[in-house]
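The sequence and structure come before the details.

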Amino acid sequence: MWMSSAPCRSERPGMLTSAHAESSRGARQNSFQPAYMALWRCGELSRRVEVGLNKLADCTLCPRNCQVNRIEDKSNVCKTGRYATVSSHFAHSGEEACLRGRFGSGTIFFSWCNLRCVFCQNYEISWLGQGRAVEAKALAEMMLSLQKQGCHNINLVTPAHVVPQILEALLLAVEGGLQLPLVYNTGGYDSLDALALMDGVVDIYMPDFKFWDPEKARRYAKAPDYPEVARRAIQEMHRQVGPLILDEHGLALRGVLIRHLVMPGGMAETVEIMRWIARELGPETYINVMSQYRPAGRVTDTEYPEIDRLITVKEFRQAIHVFYSAGLHRLDADSKMSAQAISTEA
Ligand code: SF4
């Protein structure tokens, strides 16, 4: 495994200067130092780009370990060769409140996926590859345009298979004046090699933790090793950035935010996942317990009939109870709102 050399950290990346007390959005952006700035200043970001692009030649960037030459535009599970495919980029007002803030989370949706769950709600993007291939310059321009629109962060959705391409674009974007924190918004099927490339680059890790049972991970994502991979990856993310830190306006600055989608009939999974998080990462871990599962993608009443329904009110209530019973207390505001909505309905 390639290891990060943890170089040249002359400052505390991602932390605020004393000017942090200023309250305007502009002041926040001026005073905030995203993690990658320190690596850029000492040349380490350029080295990461080189290391990452070299890895494309015999790709083991994610746990699928395909070993194809993506420099020659070959691909396998992720269907992505030399260049990333982007479906859309926009100021997202539907992400967690700590990311969307007032002006939106600057979201870049990468097409294709290295995990591909059968119930994916973005099926056209993750399975069918809706989008267009973009070179580094175009990707950097997207980042800068999101900053110009006033977004609070750059939210990289499904980044696991395009880490080198992100680094390549980031270098250009930083040279062009990018100053926003990066959100690494992943399904959780990430290799330690890819995360080492992102060490000191990403400010906010936002992994899903989807499955605990390897059989479920095999059935729904053809990835029986998902639970083990996700546990390892989330531990590494936590090691890099720690628990989520919010600023005085409730905006995320740095740390880990875990998403857990409550699945129909999946309460045993939820119990194990919440207990593991509390035990291994600690009670300060910030979690969004998500109620919005709906049948999508390849799920029909004949294919995967057991998940061809919404979750029930009872199931969501149980999931919230499980969260608190595990000793956790930092529940995302959107989860709280869902829990309050169902208690009002009942
Ligand atoms: S990133 Fe793509 S090509 Fe590389 S190992 Fe993963 S699925 Fe295979």
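Which strands and which helix do the buried residues of H6 pack against? They pack against strands S1 (84-92), S2 (105-110), S3 (132-134) and S4 (154-157), and against helix H7 (163-175).

The model is predicted: local features need pLDDT of at least 70, side-chain atom pairs count only at pLDDT 80 or more, and totals for chains, interfaces and linings use all residues. Residues are numbered from 1 along each chain as its sequence is written.

Helices (H or I, at least four residues) and strands (E, at least two) are DSSP runs, numbered from the N terminus. Just after H6, Gly150 has a positive phi of about 100°.

A residue is buried if 20 or more other C-beta atoms lie within 10 Å of its own, and exposed if 12 or fewer do, with partly exposed in between; C-beta atoms are placed from the backbone.

| Side of H6 | Residues |
|---|---|
| Buried | Ala136, Leu139, Ala140, Met142, Met143, Leu146, Gln147 |
| Exposed, turned away from the buried side | Lys137, Lys148 |

Leaving aside neighbours within four places in sequence, Met143 is in contact (C-beta atoms, placed from the backbone, within 7 Å) with Ile154, Ala169, Ala173 and Leu178.

Definitions and conventions
Two residues are in contact if their C-beta atoms, placed from the backbone, lie within 7 Å.
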